[in-house]
Amino acid sequence: MFLNPRRLYSRTSSFFTFPSFSKAAKEDRGDVAYQTIFAIQPLSAGTFAILPLANKVLERLTKIIDHEFQAIDGQKIVLPSLSHSQLWRKSGRWDRYGPVLFRVTDRAGQEFCLGPTHEETVTQCIAALEISSVGTKLPIRLYQTSWKFRDEDRPKRGLLRAREFLMADMYSFDSDLEKCQETYDTVTGAYDRIFNRIGLPFVRVLASSGDMGGSVSHEYHYCSPHGEDVVYACGTCEHKINGEALKDANDTRCPSCSSEMQKLQGIEVGHTFILGDTYSKLFGAKSFQNGQNLPLQMGCYGIGVTRIMSAAAHILSQGLKLKLPDAIAPFTVGVIGPKQGSREYEDLNPRAMEMADQLDRILPSHRVIFDDRKWSIGRKLLELKSSGIPHQVVLGKNGLELHSPDTEFTNVDGPEVIHNFFKELVVKRELL
Ligand SMILES: [Zn+2]
């Protein structure tokens, strides 16, 4: 017997803060588009409540990252947000980090920071585990996805420069530099796959290691006029570099082929480093090899999750209309039946609900929403299209229709055409 009484698709009428466009926005920007559909709510300078629609986007991003990191043997952990000042004094970053470090003092007068990153914490943890004595296998690839903190002087541009932001950070430990470089290549390979799956064009550029220490570093950028970073790309060869990493700021010729490089504005969404033994030496994170304890060679890797969400909206949205790529859209498809009270409602509405149910079985993890508001088809279509939901299926007196960013099918001959379209989409976009 068929036992599945659960309705798994969502309905607009019961979805918390689903768009109604009643709130006028003053500015024409990605985060404003989110705010207009009540997906994020600013609370104080640089802090935001992430409401259900935007949280679904963050969950989708997190899933893609989990999938690709676990494919390269990354294992997920949780590190505390509170990090003791002792650790940061040991690395010298308590002073070097300056005013952007959020500092708090406990009742006993001990100082902590709210972690903007976790090199000290994770290296201390590895050192305390004394992995060389318990024979833990290398490499170690640990990562977390957690809220990080920066005391921005003037937080602005919404989630692009917030004081509290979601980041996925991986830390790798290898026995020697050669293996560390291999791990670096493996992890940056996973980065390429993550950014390819998200579906927005990106560039990977050489970067300076800044106050992180270490020898090799790359950044991942979305090119956009909203970007605050300047990157240079050579059109002749593949050389790409952050403006800050140029040896001479006035010399923008490609160091590999001497062509003049193109200047681009970028939003930084990822940063990877080979740190070597900078932290492991300080904290005593060692492995036993060739008869002696040697410091582990370390890499660290960060992806800005809330920043990708915000950047995608900035780049793709038009005015107040939120647009997002298939892979991270809160819902992939909105299903719309005939207007309540219309002549065809009794007959067609159950079939529209049936379509929502079938699509929910084809698409993974809650990607279907059924619009049951008492509005005309046209109004529902317009609002769903402007809510970051890429595809709409309509069943009304004009028959079955599919509205997609690239294709519009009207008078679709049978539901199988729609089913097949979404089956192919799942495969093509590797939807999770
Ligand atoms: Zn070149």
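E130 lies in the loop between helix 5 (119-129) and helix 6, helices (H or I, at least four residues) and strands (E, at least two) being DSSP runs numbered from the N terminus. Although E130 is not a glycine, its phi is positive, at about 45 degrees. P139 is placed in the loop between helix 6 (131-134) and strand 8 (140-149). For context, most residues other than glycine have a negative phi, and most peptide bonds are trans.

The model is predicted, and local features need pLDDT of at least 70, side-chain atom pairs count only at pLDDT 80 or more, and totals for chains, interfaces and linings use all residues. Residue numbers start from 1 along each chain as its sequence is written.

The domain assignment divides the chain into domain 1 (10-21 + 323-428) and domain 2 (30-316), with bounds that come from an automatic or database domain assignment. Taken over C-alpha atoms, the centres of domain 1 and domain 2 are separated by 37 Å. Contact between them involves 13 residues of domain 1 and 18 residues of domain 2, where two residues are in contact if their C-beta atoms, placed from the backbone, lie within 7 Å. The side of domain 1 that touches domain 2 consists, by class, of nine nonpolar, two polar and two charged residues. In this classification Ala, Val, Leu, Ile, Met, Phe, Trp, Tyr, Cys and Pro count as nonpolar, Asp, Glu, Lys and Arg as charged, and the others, Gly among them, as polar.

An open sheet is formed by six strands in the order 1-19-18-20-21-22, with mixed pairing. Strand 1 (10-11) and strand 22 (408-409) are at the edges with a single partner strand each, so one side of each has no neighbour in the sheet. Two strands are taken to pair if DSSP finds at least two bridges between them. Strand 20 and strand 21 run antiparallel and are joined by five bridges; the two strands form a hairpin with two residues between them. Within this pair, Q392 has H403 in strand 21 as its bridge partner. H403 also stands opposite E408 in strand 22. Strand 21 (residues 399-403) pairs with strand 22 in the antiparallel sense over two bridges, and a hairpin connects strand 21 to strand 22 through four residues. L402 has F409 in strand 22 as its bridge partner.

Helix 10 (residues 345-362) lies across strand 18 (333-336), strand 19 (368-371) and strand 20 (391-396), and runs at about 155 degrees to strand 20. Axes are lines fitted to C-alpha atoms, for helices over the stretch in contact, and angles run from 0 to 180 degrees between N-to-C directions. Helix 11 (residues 377-385) lies across strand 18, strand 19, strand 20 and strand 21, at about 170 degrees to strand 20.

Another open sheet comprises three strands in the order 5-7-6, with antiparallel pairing. Its edge strands are strand 5 (82-84) and strand 6 (102-105), each of which pairs on one side only. On average, and with direction ignored, neighbouring strands of this sheet are turned by 40 degrees against each other. Four bridges link strand 6 and strand 7 (residues 111-114) in the antiparallel sense, and R103 has C113 in strand 7 as its bridge partner.

Helix 2 packs against helix 7 and helix 9. Helix 2 (residues 52-71) and helix 7 (residues 177-198) pack at an angle of about 150 degrees, and their axes are 9 Å apart. The two helices are therefore roughly antiparallel, the term applied to angles over 145 degrees. The crossing of helix 2 with helix 7 is right-handed, meaning that the near helix is turned clockwise from the far one by less than a right angle. In this contact I64, I65, E68, F69 and A71 of helix 2 meet A190, R193, I194, R197 and I198 of helix 7. The residues comprise seven nonpolar, no polar and three charged.

The axes of helix 2 and helix 9 (residues 305-316) come within 10 Å and cross at roughly 120 degrees, again in a right-handed crossing. A54, V57, L58, L61 and T62 of helix 2 make this contact with V305, T306, I308 and M309 of helix 9. By class, the contact of helix 2 with helix 9 contains seven nonpolar, two polar and no charged residues.

Notes:
Angles under 35 degrees count as roughly parallel, over 145 as roughly antiparallel, 65 to 115 as roughly perpendicular and the rest as oblique.
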